[in-house]
Amino acid sequence: MRILLVEDDRRVAAALSSALTRRGYEVEHAATVAAALSAAPCDLVLLDLTLPDGDGTDVCRELRRRSPQLGIIAVTARGEERDRVLGLRLGADDYVVKPFSMVELQARIEAVLRRAAHTVPARSLIEAGPVRIDAAARTVTVDGRAVALTRKEFDILLSLARQPGVAVPRDRILLDVWGTTWADRHTVEVHVGSLRGKLGDPRLVETVRGVGYRLRGE
């Protein structure tokens, strides 16, 4: 998953970037309002509210206007109640006051990403090649044949089926299915292996080396 870190203190930015990278995130650093607003799309923004060329609240307002589903966490030394209220009213999903622990920040990141994922309406009926999924009824057929899946297997398939033909990172699957990125990644491999066997064609769920898995879309 991709995080945009908006922080003007380069020492703080370097420490946070290193810690987040070790946890499996791809991090882009922006030190100014201008750099933040011109950055590439991401899954979540960690936003300092005090920046050299403007106020982080302006960044928050503009990013929220562009992407209503984007996860935004204000990470700042401004701990006054009025600052927290203002940040949340402008569109931040959460507010973390410095200093903080990485354990706390990780938990808040995962909570915001879960909420962001659940705000995107999922199509009830999804078709990808011979696979047909009814998300509401939680049923699956392959070429018209009903396939009985466990809850975890179904949730993994649904995570992949939301973007047929697109590689879904293992951390995204962990977050969608287990609600955390701290779970053992071997667990995903085991469940995917079982899912492939039940679908009847291992080629339907492809491994994308170094990334995760992809549900064939054709």
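**View 1. Asp 155 and its partner Arg 138.** Asp 155 is buried, with a relative accessible area of 15%. Here buried means under 20% relative accessible area, exposed means over 50%, and partly exposed lies in between (1.4 Å probe, protein chains only). Asp 155 forms a salt bridge with Arg 138, and the closest N and O atoms are 3.0 Å apart. A salt bridge is a side-chain nitrogen of Lys or Arg within 4 Å of a carboxyl oxygen of Asp or Glu. Arg 138 lies in the loop between β9 and β10 and Asp 155 in helix α6 (residues 151-161), so the pair ties together parts that are 17 residues apart in sequence. Helices (H or I, at least four residues) and strands (E, at least two) are DSSP runs, numbered from the N terminus. Arg 138 is partly exposed, at 39% relative accessibility. Its phi is near 55 degrees, a positive value in a residue other than glycine.

This is a predicted model: local features need pLDDT of at least 70, side-chain atom pairs count only at pLDDT 80 or more, and totals for chains, interfaces and linings use all residues. Residues are numbered from 1 along each chain as its sequence is written, and side-chain values use heavy atoms, with hydrogens and water left out.

View 2. Most residues other than glycine have a negative phi, and most peptide bonds are trans. Asp 143 has a positive phi, near 55 degrees. Asp 143 sits in the loop between β10 and β11 (145-147). Asp 143 is exposed, with a relative accessible area of 67%. A cis peptide bond joins Lys 98 and Pro 99, with omega about -5 degrees. Pro 99 lies in the loop between β7 (94-97) and α5 (102-118).

**View 3. Helix α3, residues 56-66.** The buried residues of this helix are Gly 56, Thr 57, Val 59, Cys 60, Leu 63 and Arg 64. They cover an arc of only 155 degrees around the axis, which puts them on the same side of α3. The arc is that of the directions from the helix axis to the C-beta atoms. Asp 58 and Arg 61 meet in a salt bridge (3.0 Å, N to O). Being 3 residues apart in helix α3, the two are separated by about one helical turn. Asp 58 is partly exposed at 40%, and Arg 61 is partly exposed at 42%.

**View 4. His 191 in helix α8.** His 191 belongs to helix α8 (residues 185-199). At 22% relative accessibility, His 191 counts as partly exposed. Its side chain reaches the backbone oxygen of Thr 187 at 2.9 Å. Leaving aside neighbours within four places in sequence, His 191 is in contact (heavy atoms within 4.5 Å) with Lys 152, Glu 153, Ile 156 and Trp 178. His 191 and Glu 153 are 38 residues apart in sequence, yet 6.1 Å apart in space, C-alpha to C-alpha.

**View 5. Where domain 1 meets domain 2.** The domain assignment gives domain 1 (2-113) and domain 2 (125-215); such bounds come from an automatic or database assignment. The contact takes 7 residues from domain 1 and 8 residues from domain 2. The two domains bury about 550 Å² between them, 49% of it on carbon and sulfur atoms. Buried area is the accessible area (1.4 Å probe) that two parts lose on being put together, summed over both. Across this interface the rule finds 0 salt bridges.

Methods
Polar contact = N/O pair within 3.5 Å; in protein donor to acceptor, adjacent residues only side chain to side chain.
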